[in-house]
Amino acid sequence: MCGIAGIVNFRDRHETPSRELLTAMISAIRYRGPDEYGMYRDVRAGLVHARLSLIDLTTGQQPLANEDGSLWIVFNGEIFNYVELKRDLLALGHRFRTNSDTEVIVHAYEAWGDGCFPKMNGQWALAIWDSRARRLILSRDRIGVRPLYVRERDGRVWFASEAKAMFADPSVPREIDPRGLDQTFTYWASLPPVSLFKGIEELAPGSTRTYEGDGSSRDTIYWRPSYPVSAPEEYPLTLDQATEALAEKIETATRLRILRADVPVGSYLSGGLDSSLTAWMGRKAKEGVFQTYSIRFEDAEYDETEYQRAMAATIDSNHQEVVIRRSDIAQVFPEVVRHAERPILRTAPAPLYLLSKLVRDSGIKAVLTGEGADEMLAGYDIFREAKIRHFWSRQPESTVRPRLFERLYPYLARSPQQAKGMALQFWKKGLDRAGQPGFSHDPRWWTTSQLKRFFSPDIRAAVAAQPPQDLLAELPPQFGRWDPLGQAQYLEVVTLLSGYLISSQGDRMLMAHSVEGRFPFLDAEVMDFCNGLPPEYKLAGLNEKFILKRVARGAIPEKIINRPKQPYRAPDAASFVEGDAPEYVAELLSEDSLHQAGLLETGAVRGLYAKCLARARESGGEAVFSNADNMGLVGLISVQLLHQQFIRGDGSAPGGGIVYTTMIDRAPLQQLSGTA
Amino acid sequence: MTEADIRSRVHEFIRKNFLFDDHITVKDDQSLLGTGVVDSTGILELIAFLEGTCGVKFADSELVADNFDSVDKISSFMAGKLPTPKA
């Protein structure tokens with residue numbers, strides 16, 4: 001697990017990327033791989049790598065080449081089926097010098113070209129430089145576990161794991177892209193290729209980009225989530241058979257993630273079903289001590305200690321916890337945003353930032369988590385809400401149909417008429433859009449979009465002037481033939497999962513402390529199997545993750561299986577407006593700062609901030625903030641932080657020189673002999 | 001307090017607490033929940049404000065969206081709650 005960066009020139013007049021520049025780039029993201037550093041350079045290209053050593057500790061250094069030294073790779077991630085691929089490649093006559101998965105990719109590319117990526121089961125962001133053909137290949141795993149950004153100008157291409165590595169090049173302008181802001185304040189994520197920064201593209205998950213010698217490029221999508229178009233009755237497996245098959249697939253995926261590592265792998269325990277199950281399977285995969293880690297909250301509302309400890313006891317793990325106070329969240333939030341490189345509408349990444357520190361301090365470099373189960377097996381309320389809204393839409397005047405929401409939110413049945421009426425009013429909006437793409441996500445996108453009232457007139461005008469990049473206009477052709485649940489799952493995966501959960505809340509928070517996340521539910525085979533299941537196996541009536549609960553029976557304590565789904569949340573607005581809030585908050589939300597950044601409407605932001613401060617003051621630490629105010633305040637603070645760190649600053653943090661253990665520099669000799 | 005007073009105070013409250021912008025006004029018949037100006041917790045903030053300023057108390061049965069979902073609805077509902085001002 002690592003950080004990668006590089007520059008490639010496709011026009012002769014550009015200068016060879018200097019060692020200093022490449023070093024500055026990798027230094028900006030050195031926390032992604034603090035174990036070793038490597039550089040490859042020729043007259044046209046420079047690739048740099050920061051390594052977190054997990055597989056083949058002694059010979060797995062990068063950049064790494066094929067046998068004749070014409071193909072060079074920098075790679076961030078893991079290919080979990082590299083042993084199997086290597087066997088196939090050996091049979092084809094390929095010879096290997098190392099035991100690393102990196103070398104397998106190089107040979108796989110030689111053998112199968114672009115076709116190698118669909119064969120790979122793993123999590124990766126990589127660049128292959130074919131110095132002979134003058135071709136650059138960039139590729140990213142199916143779901144986007146590992147990040148990859150690209151910038152292209154005038155025949156010169158920059159790529160990096162994080163945008164801040166590009167900002168280490170002073171010639172790269174730093175400017176917020178209003179489209180990225182607009183999308184984030186709709187979908188909770190920017191939609192690749194749009195990023196938060198103008199001129200910097202995010203390579204789409206499941207895709208490959210190839211630059212040819214003349215600087216032209218083409219993108220290939222090799223994978224997107226796909227759901228059945230056939231009737232559920234045609235599914236070949238009974239529920240029992242499917243349960244057994246799913247259990248086996250998750251177990252295989254978990255075992256690969258434990259065993260394909262030359263260091264011990266630990267596990268997160270959230271207290272929910274998903275991480276409990278993968279921890280249990282991880283525990284079974286290998287003898288010896290098993291480390292688990294949990295977040296506890298001082299706020300009882302968010303705390304899940306009871307279930308975490310029950311699971312730790314069940315698998316007899318060496319369990320460690322970090323306790324989060326509201327003030328901790330505000331304290332680390334600037335670092336969280338610096339690592340996330342995007343606005344975030346919840347503080348939930350902050351505790352995970354602190355958790356990865358605990359992991360690293362305890363000497364562990366990789367952890368399993370349960371991420372992905374809710375998307376693959378329909379765990380979220382959004383899927384259940386959509387199902388009820390579909391049911392209701394067939395008889396919009398019915399007062400009986402919407403009572404199903406009481407099943408979803410039992411507090412509604414207990415609450416006085418008012419809360420019920422208001423809630424139903426909310427879900428009723430857009431009921432006539434049933435059957436249209438996006439119906440499942442309308443309430444979320446619509447609620448989030450309300451926050452755009454805080455955008456400055458300049459930003460609003462800039463957004464209006466751009467052709468909108470509409471998610472719904474770029475759906476796969478079969479989308480309309482999928483069951484409504486499949487449609488909802490697709491939208492959830494390409495927005496919230498890829499663009500927020502496994503990035504802002506996942507990779508970035510883990511890598512901030514040099515820890516790699518491994519996600520059994522995002523295994524290629526697990527995902528394809530889950531996506532192929534009939535909808536009722538996943539969401540049986542309103543029973544979420546139905547089949548997964550069957551998998552978990554007997555392994556996980558019943559009280560964890562049967563507890564109502566608890567969304568992972570952390571204190572939001574409260575963290576920033578109570579008495580001990582750090583000073584930077586007032587400073588960032590001051591008229592001067594808001595005005596200087598020019599992204600937000602000064603009066604409106606000041607108004608919201610004043611309202612939240614007043615509520616906190618009046619309630620003595622017990623303030624309840626509306627969803628709109630929580631999202632608003634957190635989102636706006638993160639936008640201001642983004643501006644402060646990346647537009648005024650360059651996103652770098654002080655410290656650390658780079659000492660290379662791998663240095664292949666062909667440029668000086670090539671320059672002398674004139675062989676460009 | 002007249003119906004016109006209530007109307008202007010409600011507008012003021014919505015501006016200060018939900019719109020955060022002195023230049024925007026909601027239309028009197030605009031659905032507050034339906035247009036996203038106010039969310040379901042926000043409606044409770046509005047209800048608490050009305051109880052506080054107008055010195056009235058609402059029964060649970062009165063707290064339905066139909067009574068509070070627009071400035072029009074609020075003012076006509078409140079007009080019925082308040083004692084008729086002396087002419």
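**View 1. Strands E6 and E7 of chain A form a hairpin.** In E7(A), Arg140(A) is the bridge partner of Ala125(A). Helices (H or I, at least four residues) and strands (E, at least two) are DSSP runs, numbered from the N terminus; two strands pair if DSSP finds at least two bridges between them. This is a predicted model, in which local features need pLDDT of at least 70, side-chain atom pairs count only at pLDDT 80 or more, and totals for chains, interfaces and linings use all residues. Residues are numbered from 1 along each chain as its sequence is written, while chains are lettered from A and ligands numbered from 1 in the order in which they are written. Strand E6 (residues 122–130) of chain A runs antiparallel to E7(A), and six bridges join the two. Four residues separate E6(A) from E7(A), and in this turn Arg134(A) has a positive phi of about 50°.

View 2. Look for Ser139(A), whose bridge partner in E11(A) is Thr208(A).

**View 3. Zooming out shows an open, antiparallel sheet of six strands in chain A.** Reading across, the order is E4-E5-E6-E7-E11-E12. Strand E4 (64–65) and strand E12 (217–221) of chain A are the edge strands, each pairing on one side only. Two bridges hold the antiparallel pair of E4(A) and strand E5 (residues 71–79) of chain A, with Ile73(A) in E5(A) as the bridge partner of Leu64(A). Helix H3 (residues 101–112) of chain A lies across E4, E5 and E6 of chain A, at about 120° to E5(A); angles run from 0 to 180 degrees between N-to-C directions of axes fitted to C-alpha atoms, for helices over the stretch in contact.

**View 4. Chain A also has an open sheet of five strands with parallel pairing.** The order is E15-E14-E13-E16-E17, with strand E15 (318–324) and strand E17 (516–518) of chain A at the edges. On average, neighbouring strands of this sheet are turned by 30° against each other, direction ignored. Strand E16 (residues 366–368) of chain A runs parallel to E17(A), joined by three bridges; within E17(A), Glu516(A) is the bridge partner of Ala366(A). Packed on the sheet is helix H10 (residues 349–361) of chain A, which touches strand E13 (265–268), strand E14 (291–297), E15 and E16 of chain A and makes about 140° with the direction of E15(A).

**View 5. Which residues of helix H4 (residues 71–81) of chain B are buried?** They are Val71(B), Ile74(B), Ser75(B) and Met78(B). These residues cover an arc of only 90° around the axis, which puts them on the same side of H4(B); the arc is that of the directions from the helix axis to the C-beta atoms. The buried residues of H4(B) pack against H1, H2 and helix H3 (65–68) of chain B.

**View 6. Finally, chain B meets chain A.** The contact (C-beta atoms, placed from the backbone, within 7 Å) takes 18 residues from chain B and 21 residues from chain A. Helix H1 (3–19) and helix H2 (40–54) of chain B are the elements that give two or more residues to the side of chain B that touches chain A. H2(B) gives the most to that side, with four residues.

Terms used
Two residues are in contact if their C-beta atoms, placed from the backbone, lie within 7 Å. A residue is buried if 20 or more other C-beta atoms lie within 10 Å of its own, exposed if 12 or fewer, and partly exposed in between; C-beta atoms are placed from the backbone.
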